[in-house]
Amino acid sequence: MESGKSWIQATFYKRECVRFLPASRDHHRCPPVCHVCQNLVRCCCGRLIGEHAELESNSRVLPASADEETWSVAQHTRASPTDAFGSIDFQGSTKRSCRAKYVRLSCDAKADQLLCLMLREWNMVQPKLVISVHGGTENFPLPPRVGQAFSKGLVRAAETTGAWILTDGFNTGVSMYVGDAVKVYGTHERRKRNIIGVTPWGLIENHSDLIGRGVLRHYQTLGNPLSKRSSLNGLHSHFLLVDDGTLGKSGGQLELRRNLERHIHRQRIHPRLAQRVPVVCVVVEGGPPVLSTVLDYVSRSPPVPVIVFEGTGRAADLLALIHKQTAVDRKLDTDIKEDFLLRIQGVFSVARSEASRLFSLLTECMEHRDAITIFDSESEDHLEADVAILKASLKGTPAEQLNVTLAWDRADIAQQHILVYGQHWKVGALEQAMLNALKMDHVSFVKLLIENGMTLKHFLTVSRLEELYNTQQGSSDYFLRHIVEDAKKSRVPVGYKISLIDVGMVIEHLIGGAYRSTYRRKSFRTVYNRINTALKEGRPERSDSLTRSRTTAIDSAETTLPRSHFFRTAEPYRRKERPSVPHDPELEATAELGDSSLFIYSVNDLFVWAVLKRRQQMALFLWHHGEQAMARAVVACRLYRAMAIEAKESDMGDSTAEELKKYSLEFGQLAVDLLDKAFKENERMAMKLLTSEMTDWSDFTCLQMAVASGLRPFLAHSCTQMLLSDLWMGRLNMRKNTWLKTAQIIVSILLPATIQFLEFKSQAEMSHVPQTQEALQFGRDTESPGAAESGSAAQADQGNAETGKTGTSRRSNLTARWLPWARKVYDFYNAPVVKFWFHTMTYLPFLMLYTYTVLVRMERYPSFPEWFIIAYISSTAAEKVREVLLSEPRRFQKKLKVWFSEYWNVHDFVAILLFFTGLALRWQTGVVHTAGRIIYCLDIIFWFVRVLDLLAINQKAGPYLTMITKMMSNMFYIVTIMGIVLVSFGTPRGSILKPYEDPSWGLLKDVLFQPYFMMFGEVYAGEINPCEENPDCPPGSFLNPLLQAVYLFMQYIIMVNLLIAFYNNVYIHMKNISHQLWKYNRHRYIMTYQKKPWLPPPLILFSHMTLCVSTVWHWRKGVSGQESDLGLIVLGS
């Protein structure tokens, strides 16, 4: 603040008259020493001789050469540092408080310094338009309709474009109407209120109240009606008080205002655009000086457009009338000229000679009539006032006008007046406009350009996309670079250019799991390097290079990447034969740079850019534009959620994290709404939408991405739960999971012959459920009449599925009942619900035998129950290895990372590792053997806890387990505080009661155990005051009762009750969402058993052997083993 004050004082000056020059040229007959006459004579500056402070020390004798000398600012005034700047608090102007910045400055102040003052010291935003309002300085009536059009149009034009409005700043005439317009139609936000008054200091009423350096001055807007001076308008935001050394005279501010407008016009309208800031003059009413002002504007090079509001009176009406009269041949007839002269005499009350001079000014203005626009609010086809003002300020080629409207963010102006039929555009002009619109985050212009034929296929290139990612945008740019550093695990230098490879790393880092970005694929990087090489060599990059690179990458992914969980195909998967094409590197590079190709969802690249740059409105628009709306919604939800976590962990501020969380919830709600609408229209197609493979999103499905996003409402939706229920039951026709159905499954597991009596779904009923390739191929017998009948029924039911009918015909049900017996057995044992019960029924005997093993004496060699336990856990370990090896990520390190991200996997790993440690030790003798048995005993805890995961799949028990998990995860800090209180009491208590103990681990037990059990009511009464029973008690024992009382109060009364209250709060919160959480976690349970082999441990080893034999057999046949992977296929898409 002090530096700003010193800069203003050093830069701006005031002016004071220092030489008295009498305004009257009559010689005084009084002697020179007549002080009475001297105090009554005014100087040419408007002040009395007594008001000249610089003459107080002189003799105040009138100069002898007064008749020959002419008063001028340069010769008769002296500049000194300004003594008036700060803020004005207007009193009684409006109901709300209005303040304005002001500074008193010399009339010859430099325009660049003025702009620096307004931008740097006053923190004004650089204008994109300057509206200079001229008109009557005295109060005049304004017709209501014209006044409303002027007020509403002026404020709207200024606020929508970020314009500065320049007036004379007085509370009279047109400036008063400008203030009233701001009051009625303007915003209350001070930063958007940029109404600048360029006011002559000598004409301000009570200007002495404003003297002060960097102060807040209270100013009364009610002036003296008998005074010739005027008060300031309280609704202006800034005032430039121009001082030319005169008092009560106007005109000294005009040159400074003119220079300021010219200097602003030379500034660029936006850092990314070459166009300059437009200036437009608005004329409302006005006297003779307004005509000279209009002539000055239109005769400049280039001319400044002038818009005249017809119907406001005097000068404005004369300009409008002569503009209409000269519309045809731009000349006036003699009789019309005479009528104009009479009209001018009547309007301005001037003589004939003055009327002729004013008429000549009007005719000179008409020589530049193209720069003058007449706004007639009475006309039926007139434009809105704001549109008329903005349209009048547009100049240059259509591309230049488009850039100006782009800087204003007025797409309506561009649509109605620029992007019209018949305009000729230079090559690349619209592409550059699209790039600028994306950089400036002007959604309306992006939409407008797309509606007018701009295709993203011809626009998007690698270099343009990278340019968008490297656009400087304040905090969002810094945050993106922070995420790049996290993804790269290294610091990036200042000025580092983010590449698409870096963007791919960021996307993979945020989405996590097995997601692999297109930008990170080897095929894309090859094309990317060739494009960069071509650009360095000077070959231009064509607009569809990114199209080619993405298409190449996706095609390559289809041939090289393993099939992920869900596939969408109408028929069982068959590898398509690709025609062999000779490889020509030069031809390929040319195609990559310029050849057109099929484009696959190019809008997704811009959509991800908008999300990563935190441009929510742009992301929402791009989400509406294009295909795969649900997929993009869940992807945006996941990205925003991960970014919110990054912001919170990196201390980016709560506002940033909350903003990103809000964006994530917004896209999550869009995904849920879209799913709900699709489900109401067509249930089966909605389920297929959930499990369809998103080729452009690393072959993920909407369901997988929703799980990764933690989008609980999406997973809890009826459509998702119905799909999960169908997945859980497999081909078993048991939608309701009642105890009777469960009993049938258990009986069928124990007695396989009863499988024949179970009901199974037909192939058409399973059209929306993902299935394995092996399941589709198993049991196909084209020669069987039953199979043929099943096929025809499947086709019939497929038609029902496409029309949204959930019921099936009686024929399909009959066909389903007569499926071949082997197919029924296969479908039965591959249903996840059957796998669950089969594994559970085997797990319970395992626990019984494990319990028996640890309860009885352990012999030198394992008994039969222990051998069973060894076989069970060993086969479980083999199954865990299989899960890791067949997980989706390609790199082994990432496979491990994804596998260990699941809690129960970590739990099983610790249990298995602990068991094998005990197994290795139990073969020894003595203490080592005992240690092995103890490890066995501890390890069984993990296997008993594993039963909780089996219970979690139950609809009744699952929510309670969810509550327990939430309580356990949230109790860390309270338990830590309780531990601190416990140790702070246990340590002094033990040291006082037992001062002569030798070093041992028993000391730690005394410090922790007894204080811990005191929380549960065991107070050890005999040790509270040991001096009662033993007079020779240790010194200081009398402190123990006091310490214990304080400890029990803190721990038992405060901390334990706080913990109970905390648990109660968690319970109440979790009770409302526990079922939703259970439905969300249900997906993990079902997919776990969907991937498991049907045989439980230890028989699961036979499934592993079968899998190995099958892989070798396919490899010997020359078919990739990944084609026979356990990927799931959705039929009938």
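Colleague: Which residue lies over the face of Y861?

Modeller: Bear in mind that this is a predicted model. A charge counts as sitting over a ring if CZ of Arg is within 6 Å of the ring centre and within 35 degrees of the ring normal. At 5.2 Å from the centre of the Y861 ring, the residue over that face is R860.

Colleague: And how far is the charged end of R922 from the ring centre of W923?

Modeller: That charged end sits over the ring of W923. Its distance from the ring centre is 5.5 Å.

Colleague: Why is the pair of F607 and F667 edge-to-face?

Modeller: The structure holds 42 aromatic pairs. In the pair of F607 and F667, the ring centres are 5.7 Å apart. Planes over 60 degrees apart count as edge-to-face, so what settles it here is the angle of 85°.

Colleague: How many residues apart in sequence are the parts which that pair ties together?

Modeller: F607 belongs to helix α24 (residues 603-612), while F667 is in helix α27 (residues 654-681). Both residues are buried. The separation of the parts they tie together is 60 residues.

Notes: Residues are numbered from 1 along each chain as its sequence is written. This is a predicted model: local features need pLDDT of at least 70, side-chain atom pairs count only at pLDDT 80 or more; totals for chains, interfaces and linings use all residues. Side-chain values use heavy atoms; hydrogens and water are left out. Rings of Phe, Tyr and Trp (its six-membered ring) pair if their centres lie within 6.5 Å; planes under 30 degrees apart count as stacked, over 60 as edge-to-face and the rest as tilted. Helices (H or I, at least four residues) and strands (E, at least two) are DSSP runs, numbered from the N terminus. Buried means under 20% relative accessible area, exposed over 50%, partly exposed in between (1.4 Å probe, protein chains only).
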